[in-house]
Amino acid sequence: VIIIPPLINFQKQKIKKFSKKKINILMIGRLVDYKRHDIAINSLAFLPEKFTLNIIGDGYNRSKLQQLINTLKLNKRVKILKNINNKKKYFYLRNSDIFMMCSNSRAESFGISILEAISCGLPLIISSVKGSGMNDMIINNYNGLKFKKNSIDDCVKKLNLISKNKSKLKIYSRNSYLIYRKKFDIYKIRKNLNKIYK
């Protein structure tokens, strides 16, 4: 059996610089129930003001999530962005500090956005979902941290933990990129495709 993962455009690695003043979190995905964007938004309410969150996506939960942002008075720290083209998306990926995915279902079979994030060397905060393809792109305490699914408390705890040490963030960043190159490098995938076709 030869497994062929999705192909994405190769991103040349740059050494990420992590600011002491801000922690920019990024999420990418449809605004639907199982993605649990509300976990991330609620978590921001318990975190220092240096934490910000950008959510790229659209869907039927948009108005409900915006209402939650308004209720928690997080308008200056949480933004929902739609109609973002590929170029702008990679701008946000390259200028974020942490990539987060809060999905609580195996419906999150792989997670292309996580693959894009590790190709840019982003540390991960991912919900722990047994049997989900999200697990293929994170090694706990190597390139990020997993938190208990549906748990705001554990999400806050892991975000505080991962952001305390900037040198650790750099290590996670480097390791995310290493996982991408080892398992999802476009040239290796092409070789495997050639093996199948031959």
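One of the residue pairs to look for is Asn 54, whose bridge partner in β3 is Lys 79. This is a predicted model, so please read what follows with that in mind. The β2–β3 pair belongs to an open sheet of six parallel-paired strands in the order β3-β2-β1-β4-β5-β6.

- From one strand to the next, the twist averages 25°.
- β1 and β4 run parallel and are joined by two bridges; in this pairing, Ile 25 has Ile 98 of β4 as its bridge partner.
- β4 also pairs in the parallel sense with strand β5 (residues 124–128), this time over three bridges. Met 100 has Ile 125 as its bridge partner in β5.
- Which way do the side chains of β4 point? Ile 98 and Met 100 point one way, Phe 99 and Met 101 point the other way, and all four are buried.

**Helices on the sheet**

- Helix α1 (residues 37–44) lies across β1 (23–28), β2, β3, β4 (98–101) and β6. The helix runs at about 160° to β2.
- Helix α3 packs on the sheet too, where it touches β1, β2, β3 and β4. Its direction makes about 140° with that of β1.

**Nonpolar cores**

- In soluble globular proteins, nonpolar side chains tend to be buried together.
- The largest nonpolar core here has 30 residues, and Ile 25, Leu 53, Met 100 and Leu 159 have the most contacts inside it.
- A second, separate core has 26 residues, including Ile 28, Tyr 90, Cys 120 and Ile 126.
- What does Ile 25 touch, beyond residues up to four places away in sequence? Its contacts are Leu 44, Phe 51, Thr 52, Leu 53, Asn 54, Ile 98, Met 100 and Leu 159.

**Salt bridges**

- Side chains of opposite charge can pair when their charged atoms come close. How many salt bridges are counted in this model? The count comes to four, and three of them are described below.
- Arg 36 and Asp 38 meet through their side chains in a salt bridge, at 2.7 Å from N to O. Asp 38 is partly exposed, because its relative accessible area of 22% is not under the 20% that defines buried.
- Glu 116 and Lys 89 form a salt bridge in which the closest N and O atoms are 2.8 Å apart. This pair links distant parts of the chain, with Glu 116 in helix α4 and Lys 89 in helix α3 (residues 86–94), 27 residues apart.
- Lys 158 forms a salt bridge with Asp 154, with 3.3 Å between the closest N and O atoms. Because they are four residues apart in helix α5 (residues 152–164), Lys 158 and Asp 154 are separated by about one helical turn. Both Lys 158 and Asp 154 are buried.

- Why does Leu 145 count as buried? It does so because its relative accessibility is 6%.
- Leaving aside neighbours within four places in sequence, Leu 145 is in contact with Leu 124, Ile 125, Ile 126, Ile 138, Asn 140, Lys 158, Leu 161, Ile 162 and Tyr 172.
- Between the C-alpha atoms of Leu 145 and Ser 127, which are 18 residues apart along the chain, the separation is 8.6 Å.

**Ser 113, in helix α4**

- Ser 113 lies in helix α4 (residues 112–119) and counts as buried, at 9% relative accessibility.
- What does the side chain of Ser 113 reach? It reaches the backbone oxygen of Ile 28, at 3.4 Å.
- Beyond its neighbours within four places in sequence, Ser 113 is in contact with Ile 28, Phe 99 and Met 101. Ile 28 is also among the residues of the second core, while Phe 99 and Met 101 are buried residues of β4.

Methods
Residues are numbered from 1 along each chain as its sequence is written. This is a predicted model: local features need pLDDT of at least 70, side-chain atom pairs count only at pLDDT 80 or more; totals for chains, interfaces and linings use all residues. Side-chain values use heavy atoms; hydrogens and water are left out. Buried means under 20% relative accessible area, exposed over 50%, partly exposed in between (1.4 Å probe, protein chains only). Contact means heavy atoms within 4.5 Å. A polar contact is a pair of N or O atoms within 3.5 Å; within protein, one must be able to donate a hydrogen and the other to accept it, and residues adjacent in sequence count only if both atoms are side-chain atoms. Two strands pair if DSSP finds at least two bridges between them. Axes are lines fitted to C-alpha atoms, for helices over the stretch in contact, and angles run from 0 to 180 degrees between N-to-C directions. A nonpolar core is a set of buried Ala, Val, Leu, Ile, Met, Phe, Trp, Tyr and Cys residues joined through side-chain atoms within 4.5 Å.
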